Amino acid sequence: MQSIQLGPFTFATSLFAFMVAALLGLFLAAWLDRRRQTRAESVLWRAIILGVLVGRLGFLIQQWEFYQSEPLHWLDLRDGGLMIPAAVTAGWFYVLWRVLRDKAMLPAVSGGLAVGVAAFSLIMVAVGRGGVEPTMPLPEIDLIPMQADFSAPQSLDQYQGKVTVVNLWASWCPPCRREMPAFKQVQSSRSDVNIVFANQGEELGEIQKYLMDESLELGNMWRDPQMKLGQAVRSRGLPTTLFLDEQGRLVDVRAGELSAGTLNDKINKLK
């Protein structure tokens with residue numbers, strides 16, 4: 001399972017697991033610390049906040065070309081853009097520093113951390129059962145070209161030879177609409193990658209009207225009237241983005257909105 005849906009909200013599995021693990025770890029630290037009152041819970045809170053800020057800063061520096069003109073997006077963590085090694089290192093060093101200063105908080109802090117790590121691992125294993133294999137060939141799925149006078153179906157096999165990103169979207173989906181400029185930006189700046197769009201279930205006229213209204217000129221636009229791609233990867237919401245290697249095998253699935261920086265970072269990790 002690549003995403004978890006709670007009501008109208010869709011979370012990437014890793015983000016959901018992190019949130020649950022953090023809450024459990026903080027709760028246990030507060031419970032273990034109820035007698036000593038060493039403020040272990042606040043230490044873990046600050047470690048999490050520091051780690052997120054340092055990880056975000058590292059990611060912004062790494063993907064600066066996509067963020068320099070959009071300062072309002074610097075602190076928008078919805079795209080999940082973090083430099084994980086920097087975040088973990090900053091958090092651990094802060095915890096270590098505080099524990100060395102006050103060893104009385106060691107039991108509560110270590111207990112909270114242990115539960116958090118264990119919860120994250122268990123959730124990732126549990127939700128992974130029945131999901132898409134890490135690397136798998138996509139089934140033969142016919143897509144319809146966008147041209148009104150040409151409806152002969154074709155498959156994604158034509159894109160083999162390059163890393164390929166397939167965005168599953170619909171014009172009625174607000175996060176799909178928000179991320180379209182980001183995909184356009186990456187498509188125009190990376191000729192070494194195929195950026196492909198597969199509209200899910202909409203009529204040709206609806207799609208064309210949306211693209212015209214938004215003045216979006218995008219290459220590799222296709223229709224998936226039966227939403228077979230989404231069914232094949234067990235997508236539970238839109239947008240969903242598929243990452244295929246040069247042999248056309250599915251290597252990653254991302255549920256939820258992507259920024260240009262996050263999209264570029266995930267592509268770099270596949271190259």
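## Disulfide, cores and sheet of a predicted model

Cys173 and Cys176 are both buried, meaning under 20% relative accessible area with a 1.4 Å probe and protein chains only, where exposed is over 50% and partly exposed lies in between. This is a predicted model, in which local features need pLDDT of at least 70 and side-chain atom pairs count only at pLDDT 80 or more, while totals for chains, interfaces and linings use all residues. Residues are numbered from 1 along each chain as its sequence is written, and side-chain values use heavy atoms, with hydrogens and water left out.

A disulfide, taken as a pair of cysteine sulfur atoms within 2.5 Å, joins Cys173 to Cys176. A search of the whole structure finds 1 disulfide. The link of Cys173 and Cys176 is right-handed, with 80° about the S-S bond.

Cys176 is also among the residues that Trp169 touches, as are Met180, Phe197 and Leu211; contact means heavy atoms within 4.5 Å, and residues up to four places away in sequence are not counted here. Trp169 and Leu211 have the most contacts inside the largest nonpolar core, which has 29 residues. Such a core is a set of buried Ala, Val, Leu, Ile, Met, Phe, Trp, Tyr and Cys residues joined through side-chain atoms within 4.5 Å. Helices (H or I, at least four residues) and strands (E, at least two) are DSSP runs, numbered from the N terminus.

Apart from it lies another core of 17 residues, including Val233 and Leu250.

An open sheet of 7 strands has the order β3-β9-β8-β5-β6-β7-β4, with mixed pairing; two strands pair if DSSP finds at least two bridges between them. β3 (136–137) and β4 (144–145) stand at the edges with a single partner strand each, so one side of each has no neighbour in the sheet. β4 pairs with β7 (residues 221–224) in the antiparallel sense over 2 bridges, and the bridge partner of Ile144 in β7 is Arg223.

α6 lies across β5, β6 and β8 (240–244), and runs at about 160° to β5. Axes are lines fitted to C-alpha atoms, for helices over the stretch in contact, and angles run from 0 to 180 degrees between N-to-C directions.
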